[in-house]
Amino acid sequence: MSLTGTPFLYTTVVLSVVALILPLVLWSRMRGPKAVRAAARVLMLLFAQATAVTLIFVLVNNENNLYDNWADLLGTGDHVQQAANLGQDGTGGIALKRLPKVKQTFTAADGPGMRAAGGVEVTQLKGRVSGVNAEVYVWLPPQYHEAKYRNHRFPVVELLPGYPGSAKAWFGSLKVTEQLEPLMRSGRVAPFILVAPRTNLLAGVDTGCANIPGTVNADSWLSIDVPKMVTDNFRAAAAPANWAVAGYSAGAHCAVKLAVAHPDRYRAAVSLSGYNDPIGERNSLAAQSVTLREQNNPYLLLRKAAAPPRIALYISGESGDGYQAGVALEQIAKAPTTVHVVYLPRSAGGHNMALWRPQVPTVFEWLTLNMGQSRAGAGATPREPSNAGSTHAALASGSASRAGAVRKR
């Protein structure tokens, strides 16, 4: 029975009701020795508590898309077939342009939000470079199947969840397709292809979207294998000017890191409540040593870059949860790098879907403008304040301690 399926949800509801009724019906009717009656009553109470906790967990998991399946929940999933040392550029010396096209088989995806706005498709991708074998979800904009767009190649946005988190979360919890389809039809948002690859690749740890020889090549999975699959199978524009990556929480860190590290693959990145130092997620593999932290900290990568990359970054967050990370990047950015920081007051919510979901339309309007997909031209931004000048950038700059790290979703 699927962890996120309707049958399991209904089963937990039924068991919770039964567990509530049992004590009411049987409590005073128990027969036998006193010790036996006491034990039976204790078991009924424990059964009621267990079913209640299970029901709450299922409801929370379905709302926030934390765990896709039982393997993710139990920590038994492993989607890494091999993790060779791929070198600094993550290609392992492979000439990517010479790789033959591979046609994937796609099926309709199941789950909350996956059938809305035309529906989401899913495929099982074996990464030829990264050695990762995992699912990738794809949604095509309404214009994709229109006759006048039959020769058009579409821009792409990769969507990354937090940790723990499901690749389905953007479609389910954040309702990205339901919110964007009418905006794409009206022309306010460009017709982006949306791609959500699995990021939970190893049991019980966050990969930090890093390449770690012998362990995982998550960076190459996201920035090489997944884009190659998309351009092989869809009318997607291959040039980096047409590619962006967006994420929330741990996925926000990954989004900015991928764009800063690979301006030859992405033009823009969106960070919702993210962080720069990988230690912002204590279970991140990229936080396990000083060297890995430095190699995967976008603040340090941007500061040490030989030349400022031609990328645009959109970073939103509350004080202490994403805002300072954005300010730190804004303070060191030099043209042609642009950083747009949005301060969110505490009254806007917390580190959860309720904070990120309303930002989806604004974020994609910004992507439309900053990726040159609108007549308004690149460099324009929606009407939110950009709050610069803060000096509290300890977490952003990499000077935070492990004890001060905040647990991220």
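User: What makes Cys209 and Cys254 a disulfide?

Analyst: A disulfide here is a pair of cysteine sulfur atoms within 2.5 Å. The sulfur atoms of Cys209 and Cys254 are 2.0 Å apart, so the pair meets that cut-off. One disulfide is found in a search of the whole structure. Before we go on, this is a predicted model, where local features need pLDDT of at least 70 and side-chain atom pairs count only at pLDDT 80 or more, while totals for chains, interfaces and linings use all residues. Residues are numbered from 1 along each chain as its sequence is written, and side-chain values use heavy atoms, with hydrogens and water left out.

User: Which hand does the link of Cys209 and Cys254 have?

Analyst: The link is right-handed, with 100° about the S-S bond.

User: Why is Trp170 called buried?

Analyst: Buried means under 20% relative accessible area, exposed over 50%, and partly exposed in between (1.4 Å probe, protein chains only). Trp170 has 1% relative accessibility, so Trp170 counts as buried. This residue is found in helix 4 (residues 169–172). Cys209 and Cys254 are buried too.

User: What is Trp170 in contact with, leaving aside its neighbours within four places in sequence?

Analyst: Contact means heavy atoms within 4.5 Å. With those neighbours left aside, the partners of Trp170 include Leu159, Pro161, Ala246, Tyr248 and Val360. Trp170 and Tyr248 are 78 residues apart along the chain, and their C-alpha atoms are separated by 9.4 Å.

User: Which residues of the largest nonpolar core touch the most other members?

Analyst: They are Val138, Ile193, Trp221, Val230 and Leu313, out of 55 residues. A nonpolar core is a set of buried Ala, Val, Leu, Ile, Met, Phe, Trp, Tyr and Cys residues joined through side-chain atoms within 4.5 Å. Apart from it lies another core of 42 residues, among them Val157, Leu344, Met353 and Val363.

User: How do you know that strand 8 and strand 9 pair?

Analyst: Two strands pair if DSSP finds at least two bridges between them. Five bridges join strand 8 (residues 243–248) to strand 9 (residues 268–272), so the two count as paired, and they run parallel. Ala244 stands opposite Ala268 in strand 9. The open sheet has nine strands in the order 1-2-3-5-4-8-9-10-11, with mixed pairing.

Terms used: Helix = DSSP H or I, 4+ residues; strand = E, 2+ residues; numbered from the N terminus.
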